[in-house]
Amino acid sequence: MTVKRSAGLLLFRTPAGGGVEVLIAHMGGPFWASRDEGAWSVPKGEYEDGETPEAAARREFTEELGLPVPPGETVPLGTVRQSGGKEVTVWALEGDLDPAAVVPGVFAMEWPRGSGVQREFPEVDRVEWCAPEEAGRKLVTAQRVFLDRLREHLEGR
């Protein structure tokens, strides 16, 4: 069995009042529509052999949010394995964007299941800047470690 792999960018910023905020995305589609806690993700997506994880992270950021990746140097935050077996590799990037400017990409799936009807849904249905503590409650469980790794990076710089 081939392991599915995803890569993403965790955008962070330092607001004028101090502290840190991270940009997270609520997953689109009918499975996540009524959920909040554990239904958010780092903007990310799958990649195949022949594409580097960081190139995939940049491509997926643009595809999912409809905005270019802000300029700056990425910081590797490593890889985790989610409960479904998917490996997720993430980089942090300091930058800013306006959530209202996001124009999410779409995906198609049969819905309702078994109906034979293909419908399109947004990859993400909203994005939000939030403090790492709040993001920790909202993110998919396995991705919460990236917040700790970002915190360690920021403390060390």
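Which residues does Val-22 touch, not counting residues up to four places away in sequence? The model in which this is asked is predicted, so local features need pLDDT of at least 70 and side-chain atom pairs count only at pLDDT 80 or more, while totals for chains, interfaces and linings use all residues. Residues are numbered from 1 along each chain as its sequence is written, and side-chain values use heavy atoms, with hydrogens and water left out.

With contact defined as heavy atoms within 4.5 Å, Val-22 touches Leu-10, Leu-11, Phe-12, Glu-128, Trp-129, Cys-130, Ala-135, Leu-147 and Leu-150. A nonpolar core is a set of buried Ala, Val, Leu, Ile, Met, Phe, Trp, Tyr and Cys residues joined through side-chain atoms within 4.5 Å; buried denotes under 20% relative accessible area, exposed over 50%, and partly exposed the range in between (1.4 Å probe, protein chains only). The largest such core has 20 residues, of which Leu-10, Val-22, Ile-24, Leu-77, Val-90, Phe-146 and Leu-150 touch the most other members. At least two residues of this core come from each of S1, S2, S5, S6 and helix H3 (145-156), and H3 gives the most, with 4 residues. Another core, of 19 residues, lies apart from it and includes Tyr-47, Trp-91, Val-124 and Trp-129.

The elements named here are DSSP runs numbered from the N terminus, helices being H or I of at least four residues and strands E of at least two. Strands pair if DSSP finds at least two bridges between them. Strand S6 is mostly covered, as 6 of its 8 residues are buried. S6 runs parallel to S1, to which 8 bridges join it, and antiparallel to strand S5 (residues 75-81), with 5 bridges. Val-88 of S6 stands opposite Ser-6 and is also the bridge partner of Val-80. Trp-91 in S6 is the bridge partner of Pro-76. S5 and S6 form a hairpin with 5 residues between them, and Gly-85 in the turn has a positive phi of about 100 degrees.

Ser-6 lies in strand S1 and is buried, with a relative accessible area of 1%. Its contacts, not counting residues up to four places away in sequence, are Lys-44, Gly-45, Glu-46, Tyr-47, Lys-86, Glu-87, Val-88 and Thr-89.

Helix H1 (residues 53-65) has 13 residues and should span 18 Å at 1.5 Å a residue; its end C-alpha atoms are 18 Å apart, which agrees. The expected span is 1.5 Å times one less than the number of residues. In H1, Ala-56, Ala-57, Glu-60, Phe-61, Glu-64 and Leu-65 are buried. Seen down the axis, the buried residues of H1 fall within an arc of 140 degrees, so they line one face of the helix; the arc is that of the directions from the helix axis to the C-beta atoms. These residues pack against strands S1 (5-13), S2 (21-27), S4 (44-46), S6 (87-94) and S9 (124-130). Gly-66, with a positive phi near 70 degrees, follows H1.

Rings of Phe, Tyr and Trp (its six-membered ring) pair if their centres lie within 6.5 Å; planes under 30 degrees apart count as stacked, over 60 as edge-to-face and the rest as tilted. By this rule there are 2 aromatic pairs. Phe-31 and Trp-111 have ring centres 5.5 Å apart and planes at 80 degrees, so this pair is edge-to-face. Phe-107 and Phe-121 form a tilted pair, 6.0 Å centre to centre with 35 degrees between the planes.
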